[in-house]
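I am keeping these notes as I look through a structure that is new to me. Each entry records what I looked up and what I found.

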Amino acid sequence: MQEYNHSFNYRLQTNKWGEMEMLQIKDLSLHVEEGGSSVEILRNINLSFEEKKFYAITGPNGGGKSSLAKVIMGIVKPTQGSIYFNGEDITSLGITDRAKRKMGYAFQQPPRFKGFKIKDLLNLSFGEETSEQAICDVLLEVGLCAQDYLNRDVDASLSGGELKRIEIATVIARDLTLAIFDEPEAGIDLWSFQKLVETFKKMHKDKETIMIIISHQEKILRLADEVIIIADGTVKEQAKRDDIMPRIVQDLECGCNKTCDIGGSADAEPIG
Amino acid sequence: MLSQLDKKLLEKVADLHEIPQGAYNIRKNGSGIGRNTTNNINIVNKTDQSGIDIIVKPGTVNESVHIPVILSTEGFQDMVYNTFDIGEGSDVLVVAGCGIHSGGDENSQHDGVHDFIVRKGAKMRYVEKHYGEGDGTGKRILNPKTIITVEQDGVAEIELVQIKGVDQTIRDTEVYLHNNARLIVTERLLTYADQEAESKITVELLGEESTAQIISRSVAQDQSKQIFYLNMLGKNKCRGHIQCDSIIMDQAVVRAVPEISAYHTDAQLIHEAAIGKIASEQILKLMSLGLSENEAEEKILEGFLK
C-alpha cells in the first residue's frame, strides 16, 4: 500500500525549473499619506526570489526600489499584500524578527552613531563578541585597513564613502539567507567599487546567500542571475540577465539621446 | 573597616575594587577612614575647616591619588574644601567621586569644593564620578564646585561623570588658563525619574595660545530636568570649543544656554549645542542587526555616554 505522509508540511513552492522560492511577494502595494492625500509608492508587486540566486534591481529614481527593499526588511509596512520567507508568512513581523530569520539590509543612507566605534558596530553585526581577526577580515572585504578603522567612531569624522563601506561590512559580517544592498556603489570610489564587486561575488558563493542588490551599475547587473526593473511603483520586467541586459543598454542610450534633444550633454548620467 | 556596601560605592565612584595603590584618602560619613601618602604625594588635614590639602611634589610622574567620599548614613550632610597643588612638571591622575547610599527618607547631601592649581608644565587628569543608590525617599544631593587654575604649559584633562542615582546636583566648574595651557573637559550625564541636574562650566582663557575643549554629552529620561550653562571667555590669543549634545526622551526637559565671549581679536571661540531624540535611523539599523527596539535604544545610549 502506498504510504501517504499527511504530516508532510512542504510549504515552500518551487518554480517551473524546480527551484525553491525562498522569498515571495504577493500582490503588494504601499500607499503613504502625504498632505491629506494618499500617494501610491508601490502597486501590485508580485515577485519571487529563489534560493542561492543573485538578483539585481534597477530602474529610475523614485520608482520604488528602496521602498520595496524596506518593505521586505520590515522597515515599512505594506498597505496590502503579503510576504513569505522560507515558507512562512512574515508580513506582520517586525524588523528584529526578520533579522533573526537571517535577512539583512544595507541602508542606502546609513546612520552615524556618536560614541560607537567601528569595532562595536561590527561586534553587534556578528551577533556576539567575535575575534578581532574576524572584524579585520570583514573590513578588508570592503577595502578598509582594519588598523586604521577599528577604533574610529562611526560619527561625522567618517566620509560618506567610508560610512557606506562600514554599512556594507555590517551586512557582510552576518550569516544571512537573504541580503539586500541598497545602492551599495553610491559614494564609493572606483578602486573600492571593484573590490566590492568581488566581495559580493564571494559572499554569494561562500555563504550561498540570496543577494538582492539595488544598483545602477552595469558591473553589478552583470553579476546577477536575474534583473528586475522597477518603475512607477511596479515591476516592469523580471528576466534572466542575458535576456534583459541588451535591452537595458539600448534603453540607456535612448534615454540619453532624448536628453540631448533638449540640450543635455551626451555624458549626462542616464540613471542616477 | 570597609563593608560590602562601602566597597560597592567605592567601586562605582573610583573604579576601586580594593584599597588603591599609591596615595589615597577615603572619607566616610564625614570622617577620614583611611589614608596613604607616598614620597611624592602628601595629604594633610586642613586646620581651619573640613577638608584636606593634597600636595604633589614637582616632577612626580605616573602616580595617582584617590580621594573618594562615601555617605551611607541616612540624612547625612557633608561639606568639604579640598585643595590640590600639582607640582611643576608632574604628571598625575586624581580620582575623586562621591557615592551615596541612602535607605531612609531623609536627604543625604555632599557639597564640596575642589580647588586645584596645576603648576607650570604639569599634567593632571582628574576624574570625578557621582553615584547614588538606596530605596528610601530621601533625596541624594551632590553639589560639587571645582576651581582649576592651569599655569603656563600645563594640561588639565577633566572627566565628570554622573550616570545613576543622584537626585539633585548643581555642578559648578571654573577654569583659568594661562599661557599655552590646555584644558579638555568631558562631561557625561544621565538623569531619570524626577532628577534635576545643573551644570555650569566657565572657562577663562587668560593666557596666549591657551586652548580649551569641552565635550558635554547627556541623556535626559522620564521627567528629569537638565540645564547647562557653558561659557568661555577668550581674553587673549586663544582657541576654545564647546560641544554640547543631549538626547531627550519621555517628558524630560533639557536647556542648553551657550555663551562665548571674546575680549581679544585673536580669540577663536566655537559653541555647538544640539538637543534631540535618538535618531530613528539608528534604532532601525540596530534592529536590522537583530536587536529589539529596547536593546537598540540601550546600546545607542550606552555608546553615547561612553
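**Entry 1: a loop residue in chain B**

I began with B:Asn179, which sits in the loop between strand 12 and strand 13 (182-191) of chain B. For the term, strands (E, at least two residues) and helices (H or I, at least four residues) are DSSP runs, numbered from the N terminus. I also noted how the model is to be read: it is predicted, local features need pLDDT of at least 70, side-chain atom pairs count only at pLDDT 80 or more, and totals for chains, interfaces and linings use all residues. Residues are numbered from 1 along each chain as its sequence is written, while chains are lettered from A and ligands numbered from 1 in the order in which they are written.

The cut-offs are 20 or more other C-beta atoms within 10 Å for buried, 12 or fewer for exposed, and partly exposed in between, with C-beta atoms placed from the backbone.

I then listed what B:Asn179 touches, not counting residues up to four places away in sequence: B:Gln152, B:Gly207, B:Glu208, B:Glu209 and B:Ser210. A contact here means that two C-beta atoms, placed from the backbone, lie within 7 Å. I also checked B:Asn179 against B:Ile52: 127 residues separate them in sequence, and 29 Å in space, C-alpha to C-alpha.

**Entry 2**

Strand 12 (residues 168-177) of chain B runs parallel to strand 10 (residues 140-150) of chain B, and eight bridges join them. Two strands count as paired if DSSP finds at least two bridges between them. I looked up one bridge of this pair: B:Lys145 has B:Asp172 in strand 12 of chain B as its partner.

Strand 12 of chain B also pairs with strand 14 of chain B, in the parallel sense, over ten bridges. There B:Tyr176 is bridged to B:Glu204 in strand 14 of chain B.

**Entry 2: chain B as a whole**

I counted three helices and 19 strands in chain B. The radius of gyration of chain B is 20 Å, close to the 19 Å that the globule rule gives for 306 residues, so chain B is as compact as a globular protein of that length. The radius is taken over C-alpha atoms, and the rule is 2.2 Å times the number of residues to the power 0.38. The C-alpha trace of chain B spans about 55 × 55 × 35 Å along its principal axes.

Of the 306 residues in chain B, 44% are buried. Among contacts in chain B with a separation of 6 or more, 81% are between residues 24 or more positions apart.

**Entry 3: a sheet in chain A**

In chain A I found an open sheet of four strands in the order 2-1-4-5, with antiparallel pairing. Its edge strands are strand 2 (37-50) and strand 5 (88-89) of chain A, each of which pairs on one side only. Strand 1 (residues 21-34) of chain A is joined to strand 2 of chain A by ten bridges.

A:Asn86 lies in the loop between strand 4 (80-85) and strand 5 of chain A. Its phi is near 55 degrees, a positive value in a residue other than glycine. A:Asn86 counts as partly exposed, with 17 C-beta neighbours inside 10 Å.

**Entry 4: where the chains meet**

The contact between the chains takes 20 residues from chain A and 18 residues from chain B. On the side of chain A that touches chain B, the largest share, four residues, comes from helix 2 of chain A. The predictor gives the complex an ipTM of 0.87 and a pTM of 0.84.
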